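User: I have a structure to go through with you. Can we start with the overall picture and then look at some side chains?

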Amino acid sequence: MRFALIVAALLLAAPVLAQQLRPATCSRDLLLNEAGFRQQKARLAAVATADQATQCRAFREHVAYLQKARSVFATCQGEPERARNVAEMDSELVNYRALIANRCSGR
């Protein structure tokens with residue numbers, strides 16, 4: 001009985017403990033993510049008509065940004081936002097890596 005009470009207390013405390021484990025910088029990091037997405041969108045639009053080497057460089061930089069953004073979402077958000085945003089980042093990473101593989105080999 002005592003063991004069951006301890007387990008129940010730990011299960012009830014788990015969301016609070018998980019919330020406390022988030023870095024103190026999460027609020028700032030999430031705001032920077034949002035600003036970064038706007039910058040990335042502008043960068044990608046700016047190279048839409050550029051030469052292939054310039055586009056490939058922008059695509060690789062975008063992949064690096066997406067990896068960083070994914071990490072922030074995974075660390076700083078709670079469910080269901082975390083799952084949705086991490087899945088979106090994973091999907092975008094797959095798409096941009098395929099784009100790079102198809103259009104940027106050796107560039």
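Predicted model: local features only at pLDDT ≥ 70, side-chain atom pairs only at ≥ 80, totals over all residues.

User: How many helices and strands are in the chain?

Analyst: The chain has four helices and zero strands, so the order from the N terminus is α-α-α-α by the DSSP runs.

User: What share of the residues is buried?

Analyst: Of the 107 residues in the chain, 25% are buried. The accessible surface is about 7,400 Å², with 60% of that belonging to carbon and sulfur atoms.

User: And the contacts, how many join residues at least 24 apart?

Analyst: Taking contacts between residues at least 6 apart in sequence, 69% join residues at least 24 apart.

User: Switching to A69. Where is it found, and is it buried or exposed?

Analyst: A69 is in helix α3, residues 52–76. A69 counts as buried because its relative accessibility is 0%, and the cut-off for buried is under 20%.

User: What does A69 touch beyond four places away in sequence?

Analyst: It touches N33, F37 and M89.

User: Now the rings. How many aromatic pairs are there in the whole structure?

Analyst: The search finds three. One of them is F37 with Y65, edge-to-face, at 5.2 Å centre to centre and 90° between the planes. This pair links distant parts of the chain, F37 being in helix α2 (residues 26–46) and Y65 in helix α3, 28 residues apart.

User: Which residues form the aromatic cluster?

Analyst: F37, Y65 and F73 form one cluster. Y65 is buried at 12% relative accessible area, while F37 is partly exposed at 25%.

How values were computed
Residues numbered from 1 in each chain as written. Heavy atoms only, no water. Helix = DSSP H or I, 4+ residues; strand = E, 2+ residues; numbered from the N terminus. Buried < 20%, exposed > 50% of the residue type's maximum accessible area, 1.4 Å probe, protein only. Contact = heavy atoms within 4.5 Å. Areas by Shrake-Rupley, 256 points an atom, 1.4 Å probe, with all protein chains shown as cover. Phe/Tyr/Trp six-rings, centres within 6.5 Å; stacked < 30°, edge-to-face > 60°.
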